[in-house]
Amino acid sequence: MEKISFHDQIARNKRNSVFLMIFIIAFAVLLGFMIGEIYDPSIAILFIIVAGVMGFAQISYSYYNGDKMILNITHARPANTNDVKEKHLENVVEGLAIAAGIKAPKVYVIDSEEMNAFATGRAPENSSVAITTGLLNKLNREELEGVIAHELSHVRNYDIRFATFIAIGVGLIAILSYMFMRSMWFGGGRHDSRDRGNGGLIIIIGLILAIVAPILVRLIQMAISRQREYLADASSAQLTRYPAGLASALAKIKTVNKGNMDVPEAISHLFFVDPTKTYLDSLYATHPPIEKRIEILKSM
Amino acid sequence: MVDIIWWVILGVIAVVALILAYFYNRIIVLANRISNAWSQIDVQLKKRTDLVPNLVESVKGYMKHEKSVFEMVTKARENMMKAGTVQEKAKANNMMTNALKTIFALAENYPILKANENFLMLQEELSGIENKIAYARQFYNDSVLEFNNMVTTVPGVWFANIMGKQSKPYFEVTESERKPVKVSF
């Protein structure tokens, strides 16, 4: 039973990654077309081609470098293996990778008092995990193992590929929508010379898209990542055979974390717990409530 | 009419061939996973065997009165290097685990040793390997369980007989390993 759902999850993640890729490119092409229509309909095809090529180039670049970009943004550095603590971390990662039957990811450390962790990459063979020094210093071995096992199950299930794509999608669509809005201001003056019959309609559709798409992608980001956190918690317990370790790590994190990490919204869903405090309702939260996660772990 | 019968026969043969291929591949895949899992254990066992002389070297100067524990470690290391089968290695592994636990327990009495950077690093390295062995064993035993289920239940058992595959042994933890180690002073 367990095995089937875990293979299903991998297939689902790979499929969703492709859908998301197509969605982003289609969105770029559509906005390109609309910007073209507003500026000069006779060369709209040119805008479409440029937007399509740019979207595709951006996606391919992100596919291979998304993980490095994310590690860069979060100021993660490779673990220092001459330090006993960080060597310990590396050992824990390698040990659990053996238990999960995957190649050990590269280990990174983020110098921060906040307790958090994330994993990224496009496949288990070239993945990375990053852990804050706060987490490393305040957790004991069982707790650390629980958190690392949680991250490794994201790696094994290919959650990392989809999550990395989502991060890029959220950023990219926000930028594209912004560009579209700007083009409306600049293109606004030229309308008098041509017939407005369908130009007006296109602008309205474009506007709606530019407003709705970023929200839509954010909603996907929220909904999907919440559900995955529960799944990764369960897989973590399966790997360590000790759900109490992860539960106690979560309890510690709840009392220590201030939720003030310097992390862009677009990548907050990658983290073990929400890196920034959100005061919005649960629809907008990227993570399930910590109490709920602890409760489920304790019932295992 | 004759045509249809031929198609039906062809269809049945195709389905049977697919089923055969599925079970054949499944057994092979599971067997490969076990050998992969086993090599994971083996790598860690070897790493530890290689590190032991370093450990002995670094603590010998401090723990002059603990001759017996060094003999224990040396003996465990010899057994480990001689061991060939899964059961032998499991046994030697248990002995080594106990010997190392004893050394680290005794080291608690030597504050100078516990302040030694080199020793701390070795200790971390060895306990890291210890955990990796435990996890590799978990992965190995899970793989063996899945394989054994496959080759001992119907219909896998028919294929296993034709392919000459038998149940594989688990990497056992003995009772002595589960108990806390007694240290006498």
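Biologist: Why does A:Pro264 count as partly exposed?

Modeller: A residue is buried if 20 or more other C-beta atoms lie within 10 Å of its own, exposed if 12 or fewer, and partly exposed in between, with C-beta atoms placed from the backbone. A:Pro264 has 14 C-beta neighbours inside 10 Å and is therefore partly exposed. This is a predicted model, in which local features need pLDDT of at least 70 and side-chain atom pairs count only at pLDDT 80 or more, while totals for chains, interfaces and linings use all residues. Residues are numbered from 1 along each chain as its sequence is written, and chains are lettered from A and ligands numbered from 1 in the order in which they are written.

Biologist: Where does A:Pro264 lie?

Modeller: A:Pro264 belongs to the loop between α8 and α9 (290–298) of chain A. Helices (H or I, at least four residues) and strands (E, at least two) are DSSP runs, numbered from the N terminus. From A:Pro264 to A:Leu246 the separation is 18 residues in sequence and 26 Å in space, C-alpha to C-alpha.

Biologist: A:Leu246 is in α8(A). What makes the packing of α5(A) and α8(A) roughly perpendicular?

Modeller: Their axes are 7 Å apart and the angle is about 95°. Axes are lines fitted to C-alpha atoms, for helices over the stretch in contact, and angles run from 0 to 180 degrees between N-to-C directions. Angles under 35 degrees count as roughly parallel, over 145 as roughly antiparallel, 65 to 115 as roughly perpendicular and the rest as oblique. The two helices are therefore roughly perpendicular. Among the residues in this contact are A:His150 of α5(A) and A:Lys252 of α8(A). By class, the contact has three nonpolar, four polar and four charged residues, where Ala, Val, Leu, Ile, Met, Phe, Trp, Tyr, Cys and Pro count as nonpolar, Asp, Glu, Lys and Arg as charged, and the others, Gly among them, as polar.

Biologist: Why is α3(A) called oblique to α5(A)?

Modeller: The axes of α3 (residues 84–100) and α5 (residues 141–156) of chain A come within 10 Å and cross at roughly 50°. That angle makes α3(A) oblique to α5(A). Residues of α3(A) including A:Val92 and A:Leu96 meet residues of α5(A) including A:Ile148 and A:Leu152. Their contact comprises nine nonpolar, no polar and two charged residues.

Biologist: How do you know that α1(B) and α3(B) are roughly parallel?

Modeller: The axes of α1 (residues 2–60) and α3 (residues 86–107) of chain B come within 12 Å and cross at roughly 30°. The pair is therefore roughly parallel. Their crossing is left-handed.

Biologist: Which residues make this contact between α1(B) and α3(B)?

Modeller: B:Leu45, B:Arg48 and B:Val59 come from α1(B), and B:Lys89, B:Asn93, B:Met96, B:Ile103 and B:Ala107 from α3(B). Five are nonpolar, one is polar and two are charged.

Biologist: How does the radius of gyration of chain B stand against that of a compact globule of 185 residues?

Modeller: Chain B has 24 Å, whereas such a globule would have a value near 16 Å. The radius is taken over C-alpha atoms, and the globule rule is 2.2 Å times the number of residues to the power 0.38. The C-alpha box along the principal axes is roughly 95 × 30 × 25 Å. Chain B has seven helices and zero strands, and 24% of its 185 residues count as buried.

Biologist: How many residues of chain A are in contact with chain B?

Modeller: Ten residues of chain A touch eleven of chain B, a contact being two C-beta atoms, placed from the backbone, within 7 Å. The chain A side divides into four nonpolar, four polar and two charged residues.

Terms used. A crossing is left-handed if the near helix is turned anticlockwise from the far one by less than a right angle, and right-handed if clockwise.
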